[in-house]
Amino acid sequence: MLNHKVSVKDRNGGKTASFKLEMSVMSDHLHVSSGKSQFEQVTAINDSDVEMFLKTGSLPKEAHAAREFVKFMQTTQGLAIPGGTVKGLVRSRLELLVDCACYTFLATKPSRTVSRVYQSIFRPQRKFSERFEDNSEMCFVCDLMGNMGLASRVSFTDLTFQDGKVNLVPMTGSTYETVEKGSKFLGSFTVRNYDDADVGAILFALGIGRGNGIVLMGRFKFTNQSWGRVKFNVPNVDTGKYVKAFLEAHKGHVRVVEER
């Protein structure tokens with residue numbers, strides 16, 4: 001398993017680069033929840049509706065003022081995928097796809113509620129985590145993404161909604177604010193003290209150069225194929241060069257999993 005650890009890189013030294021990151025929605029719907037509900041105005045209530053309510057205590061059937069829905073994540077710039085969500089996706093994929101990574105969330109306490117679809121796609125293995133305690137070497141995922149006591153060399157901005165359709169979609173007894181197929185998001189990521197294999201690892205985790213390129217994200221991704229399918233792209237960059245460097249650096253330790 002951990003048979004080719006890497007030397008821990010300086011958190012502040014070396015070269016730094018930022019890469020533009022585009023994300024396209026490939027499924028019918030995508031929802032990344034804010035965890036908050038909101039009410040949408042459906043039909044305006046006019047004076048006669050108010051008069052009826054005062055007389056009878058009820059409104060006409062067609063005059064319901066609002067309906068509740070689960071909001072999509074939002075910032076001051078509008079709908080967005082948090083940078084932390086994208087970073088978590090990258091780390092989880094590397095831990096699942098590279099056998100020399102030291103940790104998966106099934107490591108110490110396997111869950112009985114983990115999706116069977118998740119298990120069939122990723123076939124997660126039990127592994128053990130390690131902490132940074134002034135060691136000179138550790139698993140390359142921790143060196144890149146950080147762990148307890150060791151800062152990450154990678155950061156992601158929020159991916160902000162650029163173009164597409166927003167909808168309210170009923171699902172499992174609730175209504176969700178979604179972005180629809182073809183919608184686009186834009187952000188970036190920055191890597192510090194990096195080599196080509198580091199960048200390639202991030203790209204590979206994002207589905208670039210891996211299988212059909214689809215990555216699962218958001219609500220209902222394991223229960224309904226009409227939800228939670230996205231593709232990432234880094235424009236104007238030779239992504240193949242970086243992915244090749246990553247695969248060569250960790251040859252024999254990487255699984256190519258096609259998310260579906």
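Trainee: Which residues in α2 meet which residues in α5?

Mentor: Leu89, Val90, Arg93, Leu94 and Leu97 in α2 meet Ala201, Ile202, Phe204 and Ala205 in α5, where contact means heavy atoms within 4.5 Å. By class, the contact of α2 with α5 has 8 nonpolar, no polar and 1 charged residues. Nonpolar covers Ala, Val, Leu, Ile, Met, Phe, Trp, Tyr, Cys and Pro; charged covers Asp, Glu, Lys and Arg; the others, Gly among them, are polar.

Trainee: What kind of model is this?

Mentor: This is a predicted model, in which local features need pLDDT of at least 70, side-chain atom pairs count only at pLDDT 80 or more, and totals for chains, interfaces and linings use all residues. Residues are numbered from 1 along each chain as its sequence is written, and side-chain values use heavy atoms, with hydrogens and water left out.

Trainee: What makes α2 roughly perpendicular to α5?

Mentor: Helix α2 (residues 83-97) packs against α5 at an angle of about 95°, and their axes are 8 Å apart. Roughly perpendicular is 65 to 115 degrees, with under 35 roughly parallel, over 145 roughly antiparallel and the rest oblique. That makes α2 roughly perpendicular to α5. The axes are lines fitted to C-alpha atoms over the stretch in contact, with angles from 0 to 180 degrees between N-to-C directions.

Trainee: Why are α5 and α6 called roughly perpendicular?

Mentor: α5 and α6 pack at about 100°, with their axes 7 Å apart. They are therefore roughly perpendicular to each other. Residues making this contact include Val199, Leu203 and Phe204 of α5 and Tyr242, Phe246 and Leu247 of α6. The residues of the contact divide into 11 nonpolar, 2 polar and 2 charged.

Trainee: How many helices and strands are in the protein?

Mentor: The protein has 6 helices and 15 strands. They are DSSP runs numbered from the N terminus, helices being H or I of at least four residues and strands E of at least two.

Trainee: How do you know that β11 and β12 pair?

Mentor: Two strands pair if DSSP finds at least two bridges between them. β11 (residues 166-171) and β12 (residues 174-180) have 6, in the antiparallel sense. Among the bridge partners, Asn167 goes with Thr178 in β12. The hairpin of β11 and β12 has 2 residues between the strands, and Thr172 there takes a positive phi near 50°.

Trainee: Why is Thr178 called buried?

Mentor: Buried means under 20% relative accessible area, exposed over 50%, and partly exposed in between, using a 1.4 Å probe and protein chains only. Thr178 has 0% relative accessibility, so it counts as buried. Not counting residues up to four places away in sequence, Thr178 touches several residues, including His29, Phe72, Asn167 and Trp227.

Trainee: Which strands does β15 pair with?

Mentor: Strand β2 (residues 16-25) is joined to β15 by 4 bridges, and the two run antiparallel. Strand β14 (residues 215-216) is joined to β15 by 2 bridges, also running antiparallel. Val230 in β15 is the bridge partner of Val25 and of Val215.

Trainee: How do you know that Cys139 is in no disulfide?

Mentor: A search of the whole structure finds 0 disulfides. For Cys139, the nearest cysteine sulfur is that of Cys142, 3.8 Å away.

Trainee: What makes the phi of Asn193 worth noting?

Mentor: Most residues other than glycine have a negative phi. Phi of Asn193 is positive, near 45°. Asn236, also not a glycine, has a positive phi of about 60°.

Trainee: Why is Phe69 called buried?

Mentor: Phe69 has 6% relative accessibility, so it counts as buried. Phe69 is in strand β5 (residues 66-72). Phe69 and Pro170 are 101 residues apart in sequence and 8.8 Å apart in space, C-alpha to C-alpha.

Methods. A disulfide is a pair of cysteine sulfur atoms within 2.5 Å.
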